[in-house]
Amino acid sequence: MTNNLELAQNVYKAFAKGDIPAVLAGFAEDIRWVEAEGGPYGGIFIGPEAVLDNVFMKLGGEWDGFAAIPSEFVSEGATVIALGEYSGTYKATGKSFKAPFAHVWKFKDGKVTSFQQYTDTAVHQRPLQAE
């Protein structure tokens, strides 16, 4: 059986390959996804479809080369924390950014039940601003 750390790592691997169906397949039907308030997609989204529509589709449509690359994982029971860096270029302005992140993943029965994003939202917002 795959442990929670491996499940979290597999989400990042699938996301990096652009395999969004594989990412969504790891989510519980009632996943609670929290994007940091003040960020470009800040809010709370319930269910895989809400995450797809309000986060992943926007990332894919509005950014070139958007990446969330974890550099370290901390795992304890049902919780996995990933530390890493976002990067990408906002298509509308051509501006790039890099920002650190911390993601808190919660698992139950082999599925992601919640995700909480922590990042420097001011840095994440900069590429969206026109000159």
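1. Basis of the values. Because the model is predicted, local features need pLDDT of at least 70 and side-chain atom pairs count only at pLDDT 80 or more, while totals for chains, interfaces and linings use all residues. Residues are numbered from 1 along each chain as its sequence is written, and side-chain values use heavy atoms, with hydrogens and water left out.

2. Strands β4 and β5. Helices (H or I, at least four residues) and strands (E, at least two) are DSSP runs numbered from the N terminus, and two strands pair if DSSP finds at least two bridges between them. Strand β4 (residues 79-90) runs antiparallel to β5, and 12 bridges join the two. Within this pairing, Glu-85 stands opposite Pro-100 in β5. The two strands form a hairpin with four residues between them, and Gly-94 in the turn has a positive phi of about 75°.

3. Strand β6 and its partners. β5 and β6 are also antiparallel, joined by eight bridges; here Phe-101 stands opposite Thr-119 in β6, and Lys-108 stands opposite Lys-111 in β6. The hairpin of β5 and β6 has two residues between the strands, and in it Asp-109 takes a positive phi near 55°. Strand β1 (residues 27-35), by contrast, runs parallel to strand β6 (residues 111-119), with four bridges between them, and Arg-32 stands opposite Ser-114 in β6.

4. A stacked aromatic pair. Rings of Phe, Tyr and Trp (its six-membered ring) pair if their centres lie within 6.5 Å, and planes under 30 degrees apart count as stacked, over 60 as edge-to-face and the rest as tilted. A search of the whole structure finds 17 aromatic pairs. Why does the pair of Tyr-12 and Phe-101 count as stacked? The ring centres of Tyr-12 and Phe-101 are 6.3 Å apart and the planes lie at 5°, so the pair is stacked. This pair links distant parts of the chain, since Tyr-12 belongs to helix α1 and Phe-101 to strand β5 (residues 95-108), 89 residues apart. Buried means under 20% relative accessible area, exposed over 50%, and partly exposed in between (1.4 Å probe, protein chains only). Tyr-12 counts as buried at 7% relative accessibility, and Phe-101 counts as buried at 4%.

5. Contact means heavy atoms within 4.5 Å, and, not counting residues up to four places away in sequence, Asn-4 touches Gly-77, Ala-78, Val-80 and Phe-107.

6. The largest pocket. On a 1 Å grid over the protein atoms alone, a cavity is a set of points where a 1.4 Å probe fits but cannot get out, and a pocket is an open set with protein on both sides within 12 Å along at least five of seven lines; lining residues have an atom within 4 Å of a point. Grid points are joined across faces, edges and corners, and a volume is the space filled by probe spheres set on the points. The largest pocket has a volume of about 180 Å³, and its lining includes Phe-15, Phe-56 and Ala-68. Helix α1 (4-17), helix α3 (48-62) and strand β3 (63-76) each supply at least two lining residues, and the largest share, four residues, comes from β3. Ala, Val, Leu, Ile, Met, Phe, Trp, Tyr, Cys and Pro count as nonpolar, Asp, Glu, Lys and Arg as charged, and the others, Gly among them, as polar. The lining of this pocket divides into nine nonpolar, two polar and no charged residues.

7. The cavities. How many cavities of 30 Å³ or more are there? The count comes to two. The largest cavity has a volume of about 170 Å³ and is lined by 17 residues, of which Phe-15, Trp-33, Phe-56, Ala-68 and His-103 lie nearest its centre. These 17 lining residues divide into 13 nonpolar, three polar and one charged. The second largest cavity holds about 40 Å³ of space, and its lining includes Glu-35, Tyr-41, Thr-119 and His-124. The elements that give two or more residues to this lining are β6 and α4 (121-125). The lining of the second largest cavity divides into three nonpolar, six polar and one charged residue.
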